[in-house]
Amino acid sequence: MAVALSSDGGDDTRRQRARLFFERAQVGARTGNLDFAIEYFLSAIDIDPDFVEAHQSLREVSLQRKAAGGQSLGMFETMKLRRPVVDDKAKLVRDEKLLAYEPGNIDYANAILAAAQAMDLAETRVWAAALVERMRGEH
């Protein structure tokens with residue numbers, strides 16, 4: 001699961017912290033440690049939910065992982081993650097994780113779009129809507 005962090009600090013501080021996790025995730029992705037990269041991209045999104053570059057990179061890494069034969073989350077981990085969550089940000093991060101391990105699941109993409117809409121994340125909403133449209137075209 002994404003590293004839990006406090007939400008202290010202004011927008012600039014939050015974006016800087018998110019950027020640090022994002023950069024670590026990129027290193028993990030470049031060195032082939034895709035599960036590490038996924039967790040750190042999720043942490044960046046948890047810190048700054050409208051960090052579209054992190055959403056995009058997470059998607060790319062999840063597709064690379066799947067193409068390399070990466071497995072879906074186990075049944076128990078998936079069940080644990082699918083428990084009801086009331087916080088929109090927690091829903092967003094949860095559904096990003098579920099989609100990262102099942103990149104073809106359009107229901108998770110729709111859930112990300114719904115969370116972005118609920119949180120009024122303009123950039124993430126546009127990205128998620130485009131993702132859903134691409135995925136619909138693939139089915």
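Is Glu23 buried, exposed or partly exposed? With a relative accessibility of 39%, Glu23 counts as partly exposed, where buried means under 20% relative accessible area, exposed means over 50%, and partly exposed lies in between, for a 1.4 Å probe and protein chains only. Glu23 belongs to helix α1, and its C-alpha atom is separated by 8.8 Å from that of Phe41, a residue 18 places away along the chain.

The model described here is a predicted one, in which local features need pLDDT of at least 70 and side-chain atom pairs count only at pLDDT 80 or more, while totals for chains, interfaces and linings use all residues. Residues are numbered from 1 along each chain as its sequence is written, and side-chain values use heavy atoms, with hydrogens and water left out. The helices named below are DSSP runs of H or I with at least four residues, numbered from the N terminus.

The aromatic residues give a way into the first part of the chain. A pair of aromatic rings is described by the distance of the centres and the angle of the planes. Rings of Phe, Tyr and Trp (for Trp, the six-membered ring) pair if their centres lie within 6.5 Å, and the pair counts as stacked when the planes are under 30 degrees apart, as edge-to-face when they are over 60, and as tilted otherwise. The structure holds 4 such pairs. In one of them, the ring centres of Phe21 and Tyr40 are 5.4 Å apart and the planes meet at 25 degrees, so this pair is stacked. Because Phe21 lies in helix α1 (residues 11-30) and Tyr40 in helix α2, the pair ties together parts that are 19 residues apart in sequence. Phe21 itself is buried, with a relative accessible area of 11%.

Another pair joins Phe22 and Phe51 and is tilted, with 5.2 Å from centre to centre and 45 degrees between the planes. Here, too, distant parts of the chain are linked, since Phe22 sits in helix α1 and Phe51 in the loop between α2 and α3, 29 residues apart. Phe22 counts as buried at 1% relative accessibility, and Phe51 is buried with a relative accessible area of 1%. Phe21 and Tyr40 also form one aromatic cluster together with Phe36.

Charged side chains lie over some of these rings, a placement that requires NZ of Lys or CZ of Arg to be within 6 Å of the ring centre and within 35 degrees of the ring normal. Arg15 lies over the face of Phe51, at 4.7 Å from the ring centre, and the charged end of Arg24 sits over the ring of Phe21, 5.6 Å from its centre.

Leaving aside residues up to four places away in sequence, Ser57 touches Phe22 and Phe41, contact meaning heavy atoms within 4.5 Å. Just after α3, Gly69 takes a positive phi of about 95 degrees.

How do α3 and α5 lie relative to each other, and which residues make the contact? Their axes, which are lines fitted to C-alpha atoms over the stretch in contact, with angles from 0 to 180 degrees between N-to-C directions, come within 8 Å and cross at roughly 30 degrees. The two helices are therefore roughly parallel to each other, the term for angles under 35 degrees, with over 145 counting as roughly antiparallel, 65 to 115 as roughly perpendicular and the rest as oblique. The contact is made by His55, Leu58, Arg59, Ser62 and Arg65 of α3 and by Leu92, Glu96, Leu99, Ala100 and Tyr101 of α5.

Helix α5 is mostly covered, as 10 of its 14 residues are buried, and its cover includes α2, α3, α4, α6 and α7. Asp95, in helix α5, is buried with a relative accessible area of 4% and touches Tyr108, Ala111 and Ile112, not counting residues up to four places away in sequence.
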